[in-house]
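Reader: I am new to this kind of model and would like to learn how to read it. Please take the features one at a time.

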Amino acid sequence: MTESHEGRTGPDVRIEFRTDPDDDTRQGVEKSVRAMAAHSAELTARARAVSSGGDELTALVDDALRRQINSDPGAAAALAEILDRPLGPEFEPGSASPRVVGASPPYDYHWSWHDLNGAAQDQMILDDAAAHAALYAKSGLGGAGTFVNAHAGFGIGFRANGSRVMRADSGRRVTFGYVAGAKGFGSNATVEGGLDCTVFENGRFMKGDSRRIFRRRASVNETFVVNPGAWVLDSSMPLEFPAVAGRDYNFNVGVWVYTDNTSGVGVSAAKSLCQVLVESMWVA
């Protein structure tokens with residue numbers, strides 16, 4: 001039996017349990033995932049506030065430049081030709097179909113969320129049987145009209161039967177692809193993607209790690225394309241934490257993507273695809 005839970009405030013949080021948990025377990029998982037989402041959304045808001053400090057002035061310059069170009073038929077035609085050129089391919093999450101060997105899914109639950117201050121991901125895969133999580137985000141041309149900050153993954157929960165330092169880790173394979181392209185004047189596109197893992201005690205954040213796998217920013221008349229390649233074994237991301245007997249703990253492992261763009265006097269596109277196979281999760 002599965003149950004879904006959607007956050008009413010803050011990021012759009014969704015959780016599905018593989019089996020029907022007791023109330024304490026359900027509340028602990030919901031609290032931990034919502035706290036993880038709120039923390040990431042706050043960091044994103046801070047970073048965007050810093051980067052958007054000159055947006056109003058930039059818009060004034062863009063408007064003046066656009067009027068000047070449009071007043072010259074030759075310049076307007078040249079800009080139109082530039083903007084008509086393609087900005088990279090589309091991707092398909094899950095197009096590679098690796099075989100999971102020696103894995104231990106399905107896990108206790110899967111989760112996903114996106115920042116409601118921006119847009120949702122274009123596509124998402126959460127396959128419990130294979131422990132396959134994939135996110136594809138698009139901003140700009142062919143995508144959302146704002147940024148995308150999305151996360152998804154899997155989790156396990158347990159109650160400590162003794163007080164000691166414990167270590168949580170996972171085995172993962174990853175693949176990714178991206179397009180960052182900008183044409184015209186004053187345009188840019190940013191793409192990012194990676195993995196993160198967290199440990200919570202009774203719904204309270206204890207420890208976490210985030211690994212950025214890729215980041216690329218394209219400015220005027222630049223286009224960068226990386227096509228999804230082979231699934232690569234990712235290195236360890238261990239988390240050590242003090243466990244207390246009788247308390248409940250959650251260990252989460254997931255994937256994340258971020259896209260953003262500014263079109264200026266032109267067009268831009270940001271596309272991020274990141275996928276993970278969580279072949280094993282353990283706490284010892």
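Reader: With which residue does glutamate 201 form a salt bridge?

Author: Side chains of opposite charge can pair when their charged atoms come close. The term salt bridge is used when a side-chain nitrogen of Lys or Arg is within 4 Å of a carboxyl oxygen of Asp or Glu. Here the partner of glutamate 201 is arginine 204, with 2.7 Å between the closest N and O atoms. A word on the source: this is a predicted model, where local features need pLDDT of at least 70 and side-chain atom pairs count only at pLDDT 80 or more, while totals for chains, interfaces and linings use all residues. Residues are numbered from 1 along each chain as its sequence is written, and side-chain values use heavy atoms, with hydrogens and water left out.

Reader: Is glutamate 201 buried or exposed?

Author: Buried means under 20% relative accessible area, exposed means over 50%, and partly exposed is in between (1.4 Å probe, protein chains only). Glutamate 201 has 6% and is therefore buried. Arginine 204, at 45%, is partly exposed.

Reader: How many salt bridges does the rule give?

Author: The count is 13. One of them joins arginine 26 to aspartate 23, at 2.9 Å from N to O. Both residues belong to helix H1 (residues 23–51), and being 3 residues apart they are separated by about one helical turn. Helices (H or I, at least four residues) and strands (E, at least two) are DSSP runs, numbered from the N terminus. Arginine 26 is buried, with a relative accessible area of 14%. Through shared partners, Asp20, Asp23 and Arg26 form one salt-bridge network.

Reader: Which residue pairs with aspartate 234 in a salt bridge?

Author: Arginine 172 does, with the closest N and O atoms 2.8 Å apart. This pair links distant parts of the chain, 62 residues apart: aspartate 234 is in the loop between strand S11 (232–233) and strand S12 (239–243), and arginine 172 is in strand S7 (residues 164–185). Aspartate 234 is buried at 17%, and arginine 172 is buried at 0%.

Reader: How many aromatic pairs does the structure hold?

Author: Rings of Phe, Tyr and Trp (its six-membered ring) pair if their centres lie within 6.5 Å; planes under 30 degrees apart count as stacked, over 60 as edge-to-face and the rest as tilted. The structure holds 8 such pairs. Among them is phenylalanine 147 with tyrosine 258, a tilted pair with 6.1 Å between centres and 35° between planes. Phenylalanine 147 is in the loop between strand S5 (132–140) and strand S6 (148–159), and tyrosine 258 is in strand S13 (residues 248–262), so the pair ties together parts that are 111 residues apart in sequence. Both phenylalanine 147 and tyrosine 258 are buried.

Reader: Which residues are linked into a cluster by ring pairs?

Author: They are Phe158, Phe241 and Tyr249. The ring centres of phenylalanine 241 and tyrosine 249 are 5.6 Å apart and their planes are at 40°, so this pair is tilted. Phenylalanine 241 is buried at 2%, as is tyrosine 249 at 1%.

Reader: Which residue lies over the face of phenylalanine 224?

Author: A charge sits over a ring if NZ of Lys or CZ of Arg is within 6 Å of the ring centre and within 35 degrees of the ring normal. Here arginine 216 lies over the face of phenylalanine 224, at 3.7 Å from the ring centre.
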